[in-house]
Amino acid sequence: LAKLLNPAIGLLPASRNSWSANKIRQAKKYLGGLTLSPQERYWNWAGILNDKEVFRLIDLDDSENLDYQDRRLNILKGYVHTDTLFDFLCTDIQLVLQGDMLVKVDRMSMANGLEVRSPFLDHRVVEFALSLPDRYKIKGTMGKRIVQDAFRNVLPAEIYDRPKKGFEVPLLSWFKGSWRSRIENEYLSDDFISQQGLFDLESIRSIKSKLFSTDPGDSVATVWALIVFQHWWRRTMA
């Protein structure tokens, strides 16, 4: 299926900038992981770049490549043995929640003087949720089924039935607007990249070209990660 659909899907524009383009982006990501092992699939779906893209971007030598592979295997060790939802959820709890989502909530709330609580992380709630069969958690396109159904009789229909909405930052409009000059002339300029000696110049150029095209895909997330790193580098290492 993936081999048949990938060529056709690959021709369609993908980004996070609209509902349809984001669905295409998700489809490309999904199809790209179907032929992989459960661990490789999780790594591919959870990350911004796949291994080939990472190796092109950073231009690792053989010893660095082996070190990267060892570190990746160590991170995934003990996780994602099967394709079950249970395995993926357990891995998310132990990797994504601890290393990403909860870190952001904690730092941003404290930076703004807010006390934030996460009641669904009470160990009794987590243990109970993990004990339930998959059909209680997902129904068709409805995720978080138990939470939604628990408030079905309380919430008005326009809230209960509306699609899930994330907390996306409008990075693409920023990058194509007020931030474009800083991306092209500062953080990812040819001179700065060459001076650093960390990234492959042609890969950076390719990422910038994709970002400013009509088919940005996940290049927006890649450029954001690069900007954060470059900002740190200029403050710490320059």
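Q: Helices here are DSSP runs of H or I with at least four residues, and strands are runs of E with at least two; both are numbered from the N terminus. Which pattern does the protein chain follow along the sequence?
A: This is a predicted model. Its protein chain has 14 helices and 0 strands. Read along the sequence, the pattern is α-α-α-α-α-α-α-α-α-α-α-α-α-α.

Q: What box do the C-alpha atoms of the protein chain fill?
A: Take the box along the principal axes. The C-alpha atoms of the protein chain then fill roughly 60 × 40 × 40 Å.

Q: How many nonpolar residues does the contact of α3 with α6 have?
A: From α3 come Pro 38, Tyr 42 and Trp 45. They meet Phe 88, Thr 91, Asp 92, Leu 95 and Val 96 in α6. By class, the contact of α3 with α6 has 1 polar residue and 1 charged residue, and its nonpolar residues number 6.

Q: Is the crossing of α11 and α14 left-handed or right-handed?
A: Helix α11 (residues 180-187) packs with helix α14 (residues 219-236) at an angle of about 55°, and their axes are 12 Å apart. That angle makes α11 oblique to α14. As α11 passes α14, the crossing is left-handed.

Q: How many charged residues are in the contact of α11 with α14?
A: Ile 183, Glu 186 and Tyr 187 in α11 take part. Their partners in α14 are Val 223, Ile 227, Gln 230, His 231 and Arg 234. The contact of α11 with α14 divides into 4 nonpolar and 2 polar residues, and the charged ones number 2.

Q: Is α13 antiparallel or oblique to α14?
A: The axes of α13 and α14 come within 9 Å. They cross at roughly 130°. Roughly antiparallel needs an angle over 145 degrees, and roughly perpendicular ends at 115. The crossing lies between these limits, so α13 is, relative to α14, oblique.

Q: Which residues in α14 do the residues of α13 meet?
A: The contact of α13 with α14 divides into 6 nonpolar, 2 polar and 1 charged. α13 passes α14 in a left-handed crossing. From α13 come Ile 204, Ile 207, Lys 210 and Leu 211, and in α14 they meet Ser 219, Val 220, Thr 222, Val 223 and Leu 226.

Q: Which element gives the largest share of the lining of the second largest pocket?
A: The second largest pocket has a volume of about 840 Å³. The elements that give two or more residues to its lining are α2 (19-33), α3 (38-46), α4 (51-58), α13 (201-211) and α14. The largest share is 5 residues, and it comes from α4.

Q: How many residues in the lining of the second largest pocket are charged?
A: The second largest pocket is lined by 29 residues. Closest to its centre are Ile 48, Leu 49, Asn 50, Glu 53 and Arg 56. The lining divides into 8 nonpolar and 9 polar residues, and its charged residues number 12.

Q: Which residues does Arg 56 touch, not counting residues up to four places away in sequence?
A: Arg 56 sits in helix α4. Arg 56 and Phe 199 are 143 residues apart in sequence, and their C-alpha atoms are 8.5 Å apart in space. Leaving out residues up to four places away in sequence, Arg 56 touches Asp 200 and Ser 203.

Key
Residues are numbered from 1 along each chain as its sequence is written. This is a predicted model: local features need pLDDT of at least 70, side-chain atom pairs count only at pLDDT 80 or more; totals for chains, interfaces and linings use all residues. Side-chain values use heavy atoms; hydrogens and water are left out. Axes are lines fitted to C-alpha atoms, for helices over the stretch in contact, and angles run from 0 to 180 degrees between N-to-C directions. Angles under 35 degrees count as roughly parallel, over 145 as roughly antiparallel, 65 to 115 as roughly perpendicular and the rest as oblique. A crossing is left-handed if the near helix is turned anticlockwise from the far one by less than a right angle, and right-handed if clockwise. Contact means heavy atoms within 4.5 Å. Ala, Val, Leu, Ile, Met, Phe, Trp, Tyr, Cys and Pro count as nonpolar, Asp, Glu, Lys and Arg as charged, and the others, Gly among them, as polar. On a 1 Å grid over the protein atoms alone, a cavity is a set of points where a 1.4 Å probe fits but cannot get out, and a pocket is an open set with protein on both sides within 12 Å along at least five of seven lines; lining residues have an atom within 4 Å of a point. Grid points are joined across faces, edges and corners, and a volume is the space filled by probe spheres set on the points.
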